Each structure stands twice: as C-alpha cells, then as structure tokens.
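Please look over the model below before reading on. The paragraphs that follow go through its aromatic side chains, its cores and some of its helices.

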Amino acid sequence: MNAPTMRAAAFDEFGDADVLRTRELPRPPYGPTEVLVRVAVAGVQPVDVAVRSGALPPWADITFPQVVGNEFAGTVEAVGADVHDFAVGDEVAGFRVLGCYAEFVAVPATQVVRKPAGVDWRAAGTLSASGQTAHTALEALAATAGETLLVHGAAGGVGTMLVQLARARGLAVVGTAGAANQEYVRSLGATPVRYGDGQLDRIRAAAPGGIDLALDAAGHGNLRTTVELVADRGRIGTIADFDLAGELGCRQLRSDRSAARLTELLARCADGTLRVTIRAAYELERAADAHRDVETGHGYGKVALLVGNQVP
C-alpha cells in the first residue's frame, strides 16, 4: 500500500526563485504530542527567501528536498495520542521551523492555537512571524506609553505589526518607508518619513521631542542614522543588520515565539485592534513568484501562499 503524499513547494538546491517547485512529497508523520494540520494558508517571509538562496540563519537544518515556510493556518487533520486540547476539525494557526509550504504540516501541539471565527484564513496564516517578532521587540526594548518609537521599514510585515502594537500601547511612532508607502504608514498610525538623503533631518523634524527607542526592520545601514537619534544603544534593536549592530553596540533581536503570544495577537485581530494587510496572495504552484515578490523589498504588509481549497 502506497504511503499518503501531499503537494508541497520545495527545493533540491540553493539558488534563485526558480529552484522552488511544487511536487508530490510524503505526508509528514506526527508524534504523540503533535497535531497534523491540513494547511489553508502559509505566510511568505524574507527569511524563507534567505533559506532558499543559501543565506542560512543559524537555526536552519536543511535536508533536500527542503520545504520552507514558518507560519500557517489550517484545520486539524489528526492528533497524537497524548494531545487532549485539540480535536480533528479544529481551525488553528501556528508556527514551525520550516515545512509550511505544504498541504500538511506536523507540529507540536504547543505551537498551534485556535483560530477565532472572526479572523479570516489569510490573516491567520500570515500573522505569526511578523506579529510575534514585533511583539517580542516591544518587550525587549521596554516600550512604554508616552515614548516615541522609530521604526525603519515601517511598511513591511514586521513594521506594519510594530506600528500598530506600539500605538495600542500609547507610544508615538515615526516610521521610515519608501515614497510609495508613505500614506500606508500614515494609515497605520505612524508619522511617515521617506528613505534617502536627508532622512536624519526629516526624522528630527517629525519627532521634535526626540526618539526614545528604535527598531530597524530594513537594514541598509539605517542603524548608523539611528545611533545619532537614540541616546541609549541598548534601546536600539535590529532584525535586519546583525553585523552592524555588533559594531555599533545595538541589540540583535529575534522572535520569541509562543502560543500565548500568538493567542494575544489573534485576539487583537478578532476585535479589530490589529489588522493584517495582505498585499498579494499566490497559489501554492506559484510559490516561486511569491518569493520574487518578497525579494523586491519594496512591498507593504504580507504575502500569502494559498495552499488549501477552502480559501477564497
């Protein structure tokens, strides 16, 4: 009897987006403390592009054919013998290190949470990575109501989440972005500032009372400007330029993902206090095009991969 298979977007060698192809792969086994989820939507992130291209983060353990993707939403297909909090048919969102561009994903039950009925599939499947990274950053940088936060890359996935979460905490936010995304950043609740020559002066004009803390989600040397604006370098973090952060004495931040954090973010989506902006959605067979979209570096919000047939 043949083992069950699934469609998945995977690559057999590092390279450009063309190496990412949809094929039939074995359905993943699940252990006693895991759930098997039929994926509806997976998020597409810059880190997925980095893994595919061979610029591997330290946590990446690659085995070809490698399926990428670190966030998803879907329906529980099966549960392990020791799982009692979820049942077949439950609608969930979750996170996993790699493996999410697929019809099925096996994941520890501690890494999935119930999807609120009021949160659509596209939002639920693309929330975890950027949302949890932004939430972690606010905690790590000790963001406090009444302060002013500077966000480099405010229109991107993490930036979009960070601006909204910071505003909900009572912070003022100045966000840098490209010219095409200025009004989008303003719609999130931040004061937008254009990239490019003269940016330092524009930030100072946007925040005459000064900047208290900052997160760089863009890279491209933005930390060099930031250290001229924030007195305490321990309150300057980056998720995009670790080498420069080490040189300048700034914080290198990573996401501290948890079910509790994801549950809070989904609740905010459900009550309308946090919105997930999907700028583009691609079918699983077009995963390579989704990567090309992310690689432009100029988009806003999130890119979704539509895996399941239940997603309109």
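Phe 11, Phe 14 and Phe 64 make up one aromatic cluster. The model is a predicted one. Across the whole structure, a search finds four aromatic pairs. One of them joins Phe 11 and Phe 14, whose ring centres are 6.0 Å apart and whose planes meet at 45 degrees, so this pair is classed as tilted. Planes under 30 degrees apart would count as stacked and those over 60 as edge-to-face. The pair of Phe 14 and Phe 64 is edge-to-face, with 5.4 Å from centre to centre and 70 degrees between the planes.

Where in the chain do Phe 14 and Phe 64 lie? Phe 14 is in the loop between E1 and strand E2 (21-26), and Phe 64 is in the loop between H1 and strand E4 (66-67), so their pair ties together parts that are 50 residues apart in sequence. Phe 11 has a relative accessible area of 0% and is buried. Phe 14, at 35%, is partly exposed, and Phe 64 is partly exposed at 39% relative accessibility. The cut-offs behind these words are under 20% for buried and over 50% for exposed.

Aromatic rings also take part in contacts with charged side chains. The charged end of Arg 27 sits over the ring of Phe 104, at 4.0 Å from the ring centre. Lys 115 lies over the face of Trp 121, and here the distance to the ring centre is 4.8 Å.

In soluble globular proteins, nonpolar side chains tend to be buried together. In this model the largest nonpolar core has 44 residues, and Leu 127, Leu 149 and Leu 266 are those with the most contacts inside it. Helix H2 (residues 121-140) supplies the largest share of this core, seven residues. Apart from this core lies another, of 43 residues, which includes Ala 8, Val 92, Leu 284 and Ala 287. Leu 266 is in contact with Ala 93, Val 113, Arg 114, Pro 116, Val 119, Ala 124 and Leu 127, leaving aside its neighbours within four places in sequence.

Helix H1 (residues 46-53) has Asp 48, Val 49, Val 51 and Arg 52 buried. Seen down the axis of H1, these buried residues fall within an arc of 160 degrees, so they line one face of the helix. The elements that cover them include strand E1 (5-11), strand E3 (34-44) and helix H9 (287-295). After H1 comes Gly 54, which has a positive phi, near 100 degrees.

Helix H5 (residues 199-206) can be read in the same way. Which of its residues are buried? They are Gln 199, Leu 200 and Ile 203. Seen down the axis of H5, they fall within an arc of 100 degrees, so they line one face of the helix. On the other side of H5, Asp 201 and Ala 205 are exposed. Among the elements covering the buried residues are strand E9 (148-152), strand E10 (172-177), strand E11 (191-194) and helix H6 (222-226).

Two residues show this packing in detail. Gln 199, in helix H5, counts as buried at 6% relative accessibility. Leaving aside neighbours within four places in sequence, Gln 199 is in contact with His 152, Thr 176, Val 193, Arg 194, Asn 222 and Thr 225. Thr 176 is found in strand E10 and is buried, at 0% relative accessibility. Not counting residues up to four places away in sequence, Thr 176 touches residues including Leu 150, Val 151, His 152, Val 193, Gln 199 and Ile 203.

The C-alpha atoms of Ala 81 and Thr 238 are separated by 41 Å, and the two residues are 157 residues apart along the chain.

Finally, there is the record. An unreviewed UniProt entry places the feature "domain: Enoyl reductase (ER)" at residues 15-305. Over residues 15-305 the chain is 30% helix and 26% strand, with the end C-alpha atoms 20 Å apart.

Terms used. Residues numbered from 1 in each chain as written. Predicted model: local features only at pLDDT ≥ 70, side-chain atom pairs only at ≥ 80, totals over all residues. Heavy atoms only, no water. Core = buried A, V, L, I, M, F, W, Y, C linked by side-chain atoms within 4.5 Å. Buried < 20%, exposed > 50% of the residue type's maximum accessible area, 1.4 Å probe, protein only. Helix = DSSP H or I, 4+ residues; strand = E, 2+ residues; numbered from the N terminus. Contact = heavy atoms within 4.5 Å. UniProt positions renumbered as here; feature names shortened; annotations may be inferred. Arc of directions from axis to C-beta. Phe/Tyr/Trp six-rings, centres within 6.5 Å; stacked < 30°, edge-to-face > 60°. Lys NZ or Arg CZ within 6 Å of the ring centre and 35° of its normal.
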